[in-house]
Amino acid sequence: MRGGGHDVTRTLARDTGTDRRLLLLVGLVVFTAGISVLVSLRLIAGHGLVTQANVTRAVTLAFLVAVAATVNVRIRIRATTHGISWTDAATVVGLAVAPVPWVIVATGLGVAIARTINRLPPIKLAFGIAKEMTLAAAGGLVLLAAGWTWPWSGSIGRSLPALVLAYLTVVVLDELLMFPVLAFATGTSILNRFRQQLDLRLASVLARFSVVLSTLLILRINPTFLVVVPPLVLSLHLANSSRVRSRAEREAWQRLARTTDALNVVDLDQVLTTAVTQATELFSADEVDIELREEGRLVRGAGGVITFRGPAGTPSGIEGSVLTTRLEGHDQTADIGVLRLRFAGPVELSEREQYTLRTFASALCTAVRNAQAYAELARIADEHAYAATHDALTGLSNRRHLLDEGTEQLTNRHADGVTALVLIDLNHFKEVNDTLGHGAGDRVLTQVADRLRAAARPDDLVARLGGDEFAVLLRGLPAPAIAAHRAEALLAALHEPLDLDGMRISVEASGGIAVAPASGGMPELLRRADVAMYQAKRAGQRIATYAPTRDTADLGRLTLGGELPRAVADHEFTVNFQPIVDLGSGEVIGAEALARWHHPTHGMIDPLRFLEAVERSGLLPAFAEAILDQALIAAGSWRDAGFDLPVSVNVSPRSLLDARFPGAVLARLRAHDLPPDRLVLELTETLTLSQLDVVDRVLSRLRDSGVRLALDDFGTGYSSLSLLSRIPVHELKIDRSFVTAMESTAEAAAVIRSTLDLGRSLDLTVVAEGVESEPQRRALWELGCAAGQGHLFARPLPSGTLLAALQRGAGGRPGALAPPLHDAGAVIRLPGRRTGGGRNRTATPAP
C-alpha cells in the first residue's frame with residue numbers, strides 16, 4: 001500500500017491555491033477516518049465483538065501493519081519522500097480473518113506506531129493514519145456487501161472474487177487519495193504522477209495480492225506454515241525494491257545523458273536555460289539557480305521554466321534546504337560559478353544522486369566555458385567583420401560594404417521602391433588639411449559623417465568611400481524624382497558651418513545622383529553617380545543627376561568606340577551648323593560647326609556620346625581634319641552664295657598638345673581658299689593645358705596666322721581671368737546656364753554683365769549661348785551683348801539647309817533669321833566685333 005508520505009507543512013508556503021486543495025483533501029480523509037473509528041468502537045462495544053480471539057487477532061494485525069508500513073520502497077519527489085509499502089496486504093489479510101471494526105482500529109494503531117517511530121510531523125501522521133483506516137473501512141464494506149462472515153470458514157476458491165474486489169477497492173482508493181495529495185504538494189500534474197512507473201506499481205500490486213492469497217491459504221491448511229510468509233514477503237520486497245531502484249537509476253542516467261547532450265550548444269543563454277530547466281527534473285528540485293561569477297549574472301528556474309534572469313545575489317522566494325555545487329571542470333582548475341538546488345523541505349541526496357550532481361556540474365562547467373569561448377570568438381569575428389566593412393575614422397560603412405549591400409538590394413528585384421545612389425565630394429578639403437593639419441581634417445570628416453547619418457533615413461546606407469568622398473544608398477524610394485529631393489536634404493545638412501576648436505568652418509560639397517540601372521549592377525550605379533558628381537563640379541552646381549546623354553564612358557560608348565576606325569574611313573561623321581545672330585538686327589554673323597555621327601545602324605549620334613572615345617582612340621587627328629574640312633567647305637559654299645560668314649569649330653585640348661596642329665589647320669585653309677580670319681577655333685575654359693609651353697606656342701602661331709580664337713563656356717570654371725591672361729582669344733562665349741537663369745537670379749545677370757564689361761575693356765566679341773526666347777534676346781541686347789545663338793533663331797542645321805534659310809531670310813531680309821529689335825537710325829557700329837561677309841554688317845545697340 002502507498003504509505004508515508006508527504007511533508008505538508010513545508011509545501012504550504014508555496015501556493016495558496018494548492019494549499020487549500022491539499023488541506024481540504026487531507027481534512028476530508030481525516031474526517032472520514034474519524035467517522036470510521038467512532039462507528040468501529042461502537043460496534044465493538046455493542047455487538048459482542050470483544051472476545052479473546054478477536055483481541056488476539058487485532059494485536060497480531062496491528063503488529064503486521066506496523067511492520068508492513070515500516071518496510072517500504074522510498075522514492076523522493078522534490079522535498080517529499082513517497083514510500084511503496086505492504087500495508088494494503090496486511091490490511092486485506094486482517095479483513096479476511098477478523099471483524100471489520102477490529103481491523104480498522106488495528107490498522108490505525110499499527111500505522112500510528114510505525115509513523116511515530118519515524119517521527120513524522122503531526123499533519124503527516126494524521127493523514128497517514130486516517131488514509132490507511134479509510135482504506136480498511138472501504139475494503140471491509142466490500143467484504144460485508146459480498147456476504148463475508150467471521151470467523152472465516154469458506155474455501156479460497158469461493159472467497160476469491162470477494163477478496164479480489166476488496167483488494168482492488170483498497171488499491172484504487174489508495175491511488176485516488178495519494179496522487180492528488182502528492183501532486184498538490186509538489187506542484188506537479190496528477191496525470192503525470194499517475195503514469196510514472198505504472199508497470200512497476202501493477203507488478204507490485206499482483207505480488208502483494210499473491211502474498212495475501214498465500215497467507216490465507218496457509219491459514220486454511222496449517223497456521224504453522226506461516227513462518228514461510230516473512231521470507232516470501234522479504235524476497236518480494238527486495239525484488240520490487242531492486243526493480244524500482246534500477247528503473248530510477250536507469251531513468252536518471254538517461255535524463256543525465258539527454259541533459260548533457262542538450263548542453264552541447266554554443267549559445268550561453270541557451271546553455272543556462274537548458275541547464276536550469278533540465279536540472280529541476282533531473283534532481284527533482286523545487287528551484288534551480290545558476291550563478292556565473294565573472295559575468296555577475298543569475299539564472300533561476302522552477303517547474304521547467306525560467307523565473308528570473310538578472311544580477312547575482314537576488315534572493316529566492318523558496319525557504320528550505322539548499323544544495324550548492326561549484327561549477328568546475330574535471331581538473332578542478334576552473335571555478336566559474338555555482339549551481340544551487342533548492343528544496344522546500346529537508347533533503348539528503350543519495351550516493352547516486354550526488355555523483356549525478358557532480359557529473360552534471362562538470363558538464364555544465366564545460367558547456368559554459370565552451371559557450372563563453374565561442375562568444376568571444378564570435379565577438380572578435382564580428383569586430384573583424386565590422387572593421388572590414390566600416391570606416392575606422394567615421395564609423396560609416398566603407399566602399400566594400402556599400403557594394404555588398406547595394407548588390408544585394410539590386411539583386412532582390414522584388415524589393416519595394418526605387419534604389420538610387422548619392423555621391424558627395426567635399427570641395428577644397430585639401431585646403432583644410434594643408435592649413436589646419438590632418439587632425440583637423442579628420443574632425444571635419446567626422447562631423448560631416450555625423451550630419452549625413454542624422455539626415456539620412458533609417459533605410460538609407462551612409463558610407464565613406466575614402467578621402468573626402470561619401471555616398472548614401474537610398475532604398476525604397478516611391479519614385480526616381482524623390483532621389484533629387486533626398487539628395488538636396490543631405491547636402492543641406494552640410495550647409496551650416498562646422499565648429500572646429502572654436503573656429504567656424506564652412507564646407508562646400510558637390511553631389512551626384514544616379515538611379516539604379518537595369519543592368520551593370522552596383523559598380524555601374526557607382527560609376528554613374530561619380531559621373532554625375534563631376535558633372536556638377538564642372539558646371540559649378542551643388543548637385544547633378546546622371547543623364548545618359550552627358551555620359552562619356554557608358555557601355556554603349558565603349559561599343560561605339562570600336563567602330564570609330566570604320567566610321568572615319570567611311571566618312572560617317574557629318575557636321576551641322578547653328579547660326580550665330582546679331583541680337584539687335586537678327587542677321588546671321590557666323591555659324592558654329594557641330595559634329596554628328598551618322599551611324600548606319602543607330603542613326604544620328606550626338607557628339608557627347610563619342611567625342612571622348614575619339615580622343616582616346618588615337619584617331620583624333622583624322623577626325624579633326626574631317627570635321628575641319630566639312631566646316632571649311634560649308635563656309636566656302638556660303639561665301640560663293642554671297643554670305644561671307646566665319647565658321648567656328650571646337651578644338652579638343654589634346655589637339656593643342658600636337659605641335660603639328662597649326663600647320664594642319666593652315667594647310668586646310670589654303671586648300672579651301674579661305675582667309676584665316678574666316679575660321680574661329682573654340683577652346684574650353686577649363687583648359688588647364690594652357691600652362692604648358694607647347695600649348696602656348698600652338699595658340700600663338702594660330703593667332704599670328706590670323707585664325708580667331710574663342711573661349712567657350714565662359715564663367716563656369718574657376719580660372720577665367722588667369723586663362724585670359726595667357727590665351728590670346730578674340731571672343732568670349734557666355735555659357736547657356738547663365739542665359740537660362742538670368743531672368744530668375746540676380747547672380748546670373750551679374751555674371752553676364754561683368755563678362756560684357758570685360759569684353760568691352762579687352763575689345764573682345766561676346767556671344768551668348770542658349771538664347772531660347774525673345775525676352776532673353778532683348779535683355780541680353782539691352783545689357784550690351786552683341787551676338788547670340790540658340791533655338792530662338794535656329795537649331796543645328798546641315799550646311800545646305802542653313803544656306804537656304806539665309807537666302808529665304810526673315811521678313812524678306814536675306815541673311816536674317818529674326819526681325820530687328822530697333823530702327824536703323826538708332827544704332828551705331830562698335831569696333832572689334834565679329835563681322836560677317838554677307839549683305840549686311842553687324843550692328844549693336846549703343847552702350
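## Terms and values in a predicted model

Reader: What makes the span of helix 15 (residues 438–455) close to the expected one?

Author: Helix 15 has 18 residues and reaches 26 Å from its first C-alpha to its last. A helix here is a DSSP run of H or I with at least four residues, a strand a run of E with at least two, both numbered from the N terminus. The model is predicted: local features need pLDDT of at least 70 and side-chain atom pairs 80 or more, while totals for chains, interfaces and linings use all residues. Residues are numbered from 1 along each chain as its sequence is written, and side-chain values use heavy atoms, without hydrogens or water.

Reader: Why is His730 called buried?

Author: Because its relative accessible area is 17%, below the cut-off for that class. His730 sits in the loop between helix 24 (720–726) and strand 22 (731–734). Neighbours up to four places away in sequence aside, His730 touches Arg703, Val707, Arg708, Leu709, Leu764 and Thr765, where a contact is heavy atoms within 4.5 Å. Arg703 is 27 residues away along the chain, and its C-alpha is 9.1 Å from that of His730.

Reader: Why is Asp673 put in one class of accessibility and Asp763 in another?

Author: Asp673 has 57% relative accessibility and therefore counts as exposed. Asp763 has 45%, so it is partly exposed. Asp673 has a positive phi of about 55° although it is not a glycine, and phi of Asp763 is near 60°. The loop of Asp673 runs between helix 22 (661–671) and strand 20 (679–684); that of Asp763 runs between helix 26 (746–761) and strand 23 (765–769).

Reader: What makes a set of residues a nonpolar core, and how many residues has the largest one?

Author: The members are buried Ala, Val, Leu, Ile, Met, Phe, Trp, Tyr and Cys residues joined through side-chain atoms within 4.5 Å. The largest has 76 residues, and those with the most contacts inside it include Phe573, Phe577 and Trp638. Helix 21 (residues 620–640) gives the largest share, nine residues. A second, separate core of 44 residues includes Leu49, Leu61, Leu135 and Leu177. Beyond four places in sequence, Trp638 is in contact with Phe577, Ala591, Phe643, Leu645, Ser799, Leu802 and Leu803.

Reader: Which residues make the nonpolar surface patch, and what qualifies them?

Author: Phe31, Ile35, Leu38, Val39 and Leu43 make a patch of about 470 Å². Patch residues have over 30% relative accessible area and no salt bridge, and nonpolar side chains (Val, Leu, Ile, Met, Phe, Trp, Tyr) are joined within 5 Å, like charges within 9 Å. A salt bridge is a side-chain nitrogen of Lys or Arg within 4 Å of a carboxyl oxygen of Asp or Glu. Ile35, in helix 2 (residues 16–46), has 40% relative accessibility and so counts as partly exposed.

Definitions and conventions: Buried < 20%, exposed > 50% of the residue type's maximum accessible area, 1.4 Å probe, protein only. Expected span 1.5 Å × (residues − 1). Areas by Shrake-Rupley, 256 points an atom, 1.4 Å probe, with all protein chains shown as cover.
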